[in-house]
Amino acid sequence: MRLNRWSYRADYAVLPLLASAVGLVSLWHASPWQIEAWLASALAGIAGWTLLEYGLHRWLLHRVQPFRRLHEAHHAHPSELIGTPAWLSAPLFAATWLALAQEMPRSAAGGAAVGLMLGYLAYSLLHDAVHHLRASPGSWLAGAKRRHALHHRPGASSNFGVTTGVWDRVFRTAAEPGRPSDDDRHSESMTRR
Ligand SMILES: [Zn+2]
Ligand SMILES: [Zn+2]
């Protein structure tokens, strides 16, 4: 979705507020073991987000309409402010928290929801930085920019992870300059046929 400067970055204010509220509610009068469960779930939520980010990007945004069409606009115009507005992401995370709270103890559900939100926030900030910030040569951001630029090559089927390249290596979609991923080679051979 094409957004203005404010709504493109509204997540950076709305999600920390929502995560703080969820954290407060889920830790209210918590016992020491509930705090431990909360922290463990938050770490699992952050790790879970990285896999969700890979899966949503590779399969939902690249294959399923209308998400595919919306995501293609970002691929065609990478520096434009195209993204998911906070009025959509915040209710989705709130709903995820409520759904988790039906299935898990309050502390574990709260921790997992906060972990997922922190992961998403890291993804949003990094994807924004990758497209809109200059990076000094050799820096970590320069590496992230190079990795994501390979994802943006026309017809590429690689480097779906933004916050981490781990899942691309697990699912064999990692590409480096001059070294396409297995999936890239497969789609190239399919187009040649
Ligand atoms: Zn993409
Ligand atoms: Zn991008």
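Let's start at one residue of this predicted model: histidine 62, which has a relative accessibility of 21% and so counts as partly exposed. Histidine 151, in contrast, is buried, with a relative accessible area of 1%.

What brings these two histidines into one story? Both are ligands of a metal: the zinc ion (ligand 1) is coordinated by the NE2 atoms of His57, His62, His71, His75 and His151, at 2.0 to 2.2 Å. Along the chain, the donors follow the spacing H-x4-H-x8-H-x3-H-x75-H. Histidine 62 sits in helix H3 (residues 32-63) and histidine 151 in helix H7 (residues 140-151), so the pair ties together parts that are 89 residues apart in sequence.

Now step back to the fold around the site. The protein chain has nine helices and zero strands, giving the pattern α-α-α-α-α-α-α-α-α when read along the sequence. Its radius of gyration is 18 Å, close to the 16 Å that the globule rule gives for 193 residues, so the chain is as compact as a globular protein of that length. Taken along the principal axes, the C-alpha atoms fill a box of roughly 60 × 35 × 35 Å.

Contacts and surface complete the tour. Among contacts with a separation of 6 or more, 65% come from residues 24 or more positions apart. Of the 193 residues, 39% count as buried. The accessible surface comes to about 11200 Å², and carbon and sulfur atoms hold 66% of that surface. As for charge, the mean positions of the 19 positive and 13 negative charges are 5 Å apart.

Key: Residues numbered from 1 in each chain as written. Chains lettered and ligands numbered in written order. Predicted model: local features only at pLDDT ≥ 70, side-chain atom pairs only at ≥ 80, totals over all residues. Heavy atoms only, no water. Helix = DSSP H or I, 4+ residues; strand = E, 2+ residues; numbered from the N terminus. Rg over C-alpha atoms; globule rule 2.2 N^0.38 Å. Buried < 20%, exposed > 50% of the residue type's maximum accessible area, 1.4 Å probe, protein only. Contact = heavy atoms within 4.5 Å. Areas by Shrake-Rupley, 256 points an atom, 1.4 Å probe, with all protein chains shown as cover. Lys, Arg positive; Asp, Glu negative; His and termini not counted. Charge placed at Lys NZ, Arg CZ, Asp CG, Glu CD. Donors = N, O, S within 2.8 Å, 3.2 Å for Na, K, Ca; no water.
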